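Thanks for coming. I will keep this short and go through domain contacts first, then aromatic rings.

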Amino acid sequence: MIREFHHIDLRDRNSFGVAQHARRLVEFETADDLRAIFAAGVPDRWTVLSGGNNILFTQDYDGVLLTPVARGIELLADEGDEVRLRVEAGVEWDDLVAWAVERGLWGIENLSLIPGKAGAAPVQNIGAYGCEASDAIRRVEMFCVGTGNRLTLDAAHCAFGYRESVFKHELRGKVVITAIEIALHRTPRPRLGYGDVEREVEARGGATLRNIREAICAIRRAKLPDPKVLGNAGSFFKNPVVEQAVADRLRAEFPDMPLYPAAGQADRAKLAAGWLIDRAGMKGYREGSVGVHERQALVLVNFGGATGGEVLVLARKVQQRVRERFGVEIDTEVNIL
Ligand code: EPU
């Protein structure tokens, strides 16, 4: 079913809570809905607005926003250890995690409490606490705007990387994701290696699915602001991947600087943008209605009534300070419109 809105206030549809308007917004469920929406021709400007958790509107959107609202979770196969699910794009990601944990299915518990919808998970390959959506995603279903056909892409062709996928590049503006297919497992496979996870899990009595979910939720709640209370889009910046020589130079100067291997890139290393921003003196920095979160420097917040433009000005300032202090570029992870 399609629901259509005109000149709609987006304040409640973006987690930054900025009050821009869109010319038109259409909620859809299926590929057939999308075919009907595009039947009259492809509009000059359109994009998907899913949960609005990774987007910053800096102006009114003079185009069409498409919002998935289908919330079905379908069991495709249940054989031995592996359980396959088809999850429609409008399912809240954390509802999916809760659903899996309740049924004793392992694989996405470390991704508890990540705001956003399932259809957006493959786009930026959401990740946290040593796990990424791509660990579970097997296929992605989409509607191809150019041809009007449905397409299914195997994970091997999704070019998943750290906060990366084909949907941010070659397929950007060409497809609308309608569902994902994920594989979960009945055999326990706890991943506790990241930061405080193991300690928090042990404090709850050991590595059960429920304890891991609770531990991850507690860690996130302690560090990350709740967008319902304080407008934000999670990490505003990506952790930068730099040449090993740059990492070595910085490590020599700052021995306590966190440094991680860059997956699949032997001559490069990943730095912690939060640490760089923190040490550049910007953690907790506030400018009017916007600021750098006091407990996690990767997160920019709207204290109330801020415009997207104000957030962007702050973001540029943070990038500049990090550049001046460390000679490192930090890219935005949030989609800026
Ligand atoms: N750090 C600081 N100061 C800060 C923030 C971090 O010194 O203000 C240091 C920490 O002490 C730690 C290192 O930086 O040594 C890394 O920090 P943390 O483990 O908190 O993770 P992160 O790299 O800051 C990433 C993701 C988060 C995810 C966490 C946990 C990115 C851009 N962010 O943050 O994802 O929850 O790891 O896995 O990769 C998101 O994408 O919205 C998000 C919140």
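This is a predicted model: local features need pLDDT of at least 70, side-chain atom pairs count only at pLDDT 80 or more; totals for chains, interfaces and linings use all residues.

Some layout, then. The protein chain is split into domain 1, residues 3-68, domain 2, residues 73-185, and domain 3, residues 231-336. Taken over C-alpha atoms, the centres of domain 1 and domain 3 are 29 Å apart. Domain 1 puts 10 residues into the contact, and domain 3 puts in 17 residues. About 1,000 Å² is buried between the two, with carbon and sulfur atoms giving 58% of that area. On the domain 1 side, Phe16, Asn54 and Leu56 lose the most area to domain 3, and together they account for 60% of what that side buries.

Now the rings. Searching the whole structure gives eight aromatic pairs. I will take two of them.

One is phenylalanine 16 with phenylalanine 236, an edge-to-face pair with 6.0 Å centre to centre and 65° between the planes. This pair links distant parts of the chain, 220 residues apart. Phenylalanine 16 is in the loop between strand S1 (3-9) and strand S2 (21-28), while phenylalanine 236 is in the loop between strand S13 (231-235) and strand S14 (241-243). Phenylalanine 236 counts as buried because its relative accessibility is 0%; the cut-off for buried is under 20%.

The other pair is phenylalanine 38 with phenylalanine 143, which is stacked: 6.0 Å centre to centre and 10° between the planes. Phenylalanine 38 lies in helix H1, residues 31-38, and phenylalanine 143 in strand S10, residues 137-144, so the pair ties together parts 105 residues apart in sequence. Phenylalanine 38 counts as buried because its relative accessibility is 9%. For phenylalanine 143 the value is 1%, so that residue counts as buried too.

Back to Phe16 for a moment. Ring pairs link Phe16, Phe236 and Phe237 into a cluster.

Last, charges over rings. The charged end of arginine 286 sits over the ring of phenylalanine 303, at 3.8 Å from the ring centre. Arginine 325 has its charged end over the ring of phenylalanine 326, at 5.4 Å from the centre.

That is all I have.

How values were computed. Residues are numbered from 1 along each chain as its sequence is written. Side-chain values use heavy atoms; hydrogens and water are left out. Rings of Phe, Tyr and Trp (its six-membered ring) pair if their centres lie within 6.5 Å; planes under 30 degrees apart count as stacked, over 60 as edge-to-face and the rest as tilted. Helices (H or I, at least four residues) and strands (E, at least two) are DSSP runs, numbered from the N terminus. Buried means under 20% relative accessible area, exposed over 50%, partly exposed in between (1.4 Å probe, protein chains only). A charge sits over a ring if NZ of Lys or CZ of Arg is within 6 Å of the ring centre and within 35 degrees of the ring normal. Domain bounds come from an automatic or database domain assignment. Contact means heavy atoms within 4.5 Å. Buried area is the accessible area (1.4 Å probe) that two parts lose on being put together, summed over both.
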